[in-house]
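Take a walk through this protein model, one stop at a time. Keep the 3D view open as you read.

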Amino acid sequence: MSLTRSPLLDLPGAVEANGLDAGVAAHYGSDLREQRSLVAGKGFVDLSHRDVVTISGPDRLTWLHALTSQYFEGLRPGTSTTALLLSPTGHVEHAMYGIDDGETFWLHTEPGAAAALIEWLQKMVFMSRVEITDVTADYAIVWRPGAAPAEGPLTRSGADSLGGHEVFLPRAELAALEGPAAGVWAYEALRIEAGAPRLGLDMDERAIPNELGWLGVGVHLDKGCYRGQETVARVHNLGRPPRRLVRLHLDGSVDHLPAHGYAVRVGEKQVGFIGSAARHHEYGPIALALIKRNVDPEAVLEVVAEDQPTVTATQELLVDPEVGLHVRARL
């Protein structure tokens, strides 16, 4: 996790988040009020615990094109994109969210993930003219609702499905941001509502992009070979990925949210696990879960953990159980 403590934790009412989001505020007094403010287009979310990396050099886009799941060749300055680094067997290892400014590709990734990401990228430089730099100490990510302004700091917009934009802000300017500030609990509730999965929370080491709704978002289906492409293409062509991401509406019968890793069952059979959960200002307790593809979409699920009351949940489809190109015309 990130070791950087945000200066915005000194704001009145700030309560620090824990786990992966340690270092920034969970909320500033009321996460539900903060959600409503964001939905109304007001305020910002401090995401300065996320790692920021720059990749510069004349070969950066063709180099990234060859390595990642995304189409980088010809990427126009100011265009936002999401890219994945996959294992040779197609499992998601890194998720990057970035924008190119014409000279440098700016990306952010999960807290504490930059070191491993840079280590792997450096091994793949060979003769390419690229320079990779961890700039987390100098730059921070701030999320704001609504469209990005035409002028101002470097922003990434239109690709996060939350209806907002991310600002790459000099870290020294964090304390001067004008509110109202919202914590990551409010942001996470909107993210779960949007069905946007998060690496390290909503998947395990076996997850492939097809299961998570990342095809067409973090995976370009018309580009050439990249590491892990064979698995992605095979599952896409045949359809029916092994598992699927769902949004759960929890019954609200208990006063706590299920934690990451809680079992999801149908009857006595475990069919998946909870990724992340939040209290939504309209829908109440919601969560993302990764479950087996063949679970009946109409089935009522149970969220179970040792020494905790069982919570029932209904599913909302995010990834179609039949997604893919497996339907063939009859000969």
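What volume does the largest pocket have? The answer is about 570 Å³. Bear in mind that this is a predicted model.

The largest pocket has a lining of 24 residues. Find Asn18, Asp21, Trp185, Glu188 and Ala277, which lie nearest its centre. By class, the lining holds 12 nonpolar residues, along with six polar and six charged ones.

Which elements supply at least two residues each to this lining? They include helix H1, helix H4 and strand S15, which spans 269–280. S15 gives the most, with five residues.

Stay with the two helices. H1 covers residues 31–39, and H4 covers residues 184–194. Two packed helices are described by the angle between their axes and the distance between those axes. Here the axes of H1 and H4 come within 8 Å. They cross at roughly 60 degrees. Why is this pair called oblique, and not roughly perpendicular? The roughly perpendicular range starts at 65 degrees, and the roughly parallel range lies under 35 degrees, so an angle between those limits counts as oblique. H1 and H4 are therefore oblique to each other. Their crossing is right-handed.

Which residues meet where H1 and H4 are in contact? From H1 come Asp31, Glu34, Gln35, Leu38 and Val39. From H4 come Trp185, Ala186, Ala189 and Leu190. Sorted by class, this contact has six nonpolar residues, two charged residues and one polar residue.

Gly284 sits in strand S16, which runs over residues 284–292. Leaving out residues up to four places away in sequence, Gly284 touches Ala278 and Arg279.

How many cavities of 30 Å³ or more does the structure hold? There is one. The largest cavity has a volume of about 50 Å³. Arg279 is part of its lining, together with Leu250, Gly252, Ser253, Val254, His256, Leu257, Pro258, Pro285 and Val311. By class, the lining has six nonpolar residues, three polar residues and one charged residue.

Finish with the backbone. Most residues other than glycine have a negative phi, and most peptide bonds are trans. Two places depart from this pattern. The peptide bond from Gly179 to Pro180 is cis, with omega near 10 degrees. Pro180 lies in the loop between strand S11 (164–170) and strand S12 (181–182). Phe126 is not a glycine, but its phi is positive, near 50 degrees. Look for Phe126 in the loop that runs between helix H3 (114–123) and strand S8 (131–134).

Methods: Residues are numbered from 1 along each chain as its sequence is written. This is a predicted model: local features need pLDDT of at least 70, side-chain atom pairs count only at pLDDT 80 or more; totals for chains, interfaces and linings use all residues. Side-chain values use heavy atoms; hydrogens and water are left out. Axes are lines fitted to C-alpha atoms, for helices over the stretch in contact, and angles run from 0 to 180 degrees between N-to-C directions. Helices (H or I, at least four residues) and strands (E, at least two) are DSSP runs, numbered from the N terminus. Angles under 35 degrees count as roughly parallel, over 145 as roughly antiparallel, 65 to 115 as roughly perpendicular and the rest as oblique. A crossing is left-handed if the near helix is turned anticlockwise from the far one by less than a right angle, and right-handed if clockwise. Contact means heavy atoms within 4.5 Å. Ala, Val, Leu, Ile, Met, Phe, Trp, Tyr, Cys and Pro count as nonpolar, Asp, Glu, Lys and Arg as charged, and the others, Gly among them, as polar. On a 1 Å grid over the protein atoms alone, a cavity is a set of points where a 1.4 Å probe fits but cannot get out, and a pocket is an open set with protein on both sides within 12 Å along at least five of seven lines; lining residues have an atom within 4 Å of a point. Grid points are joined across faces, edges and corners, and a volume is the space filled by probe spheres set on the points.
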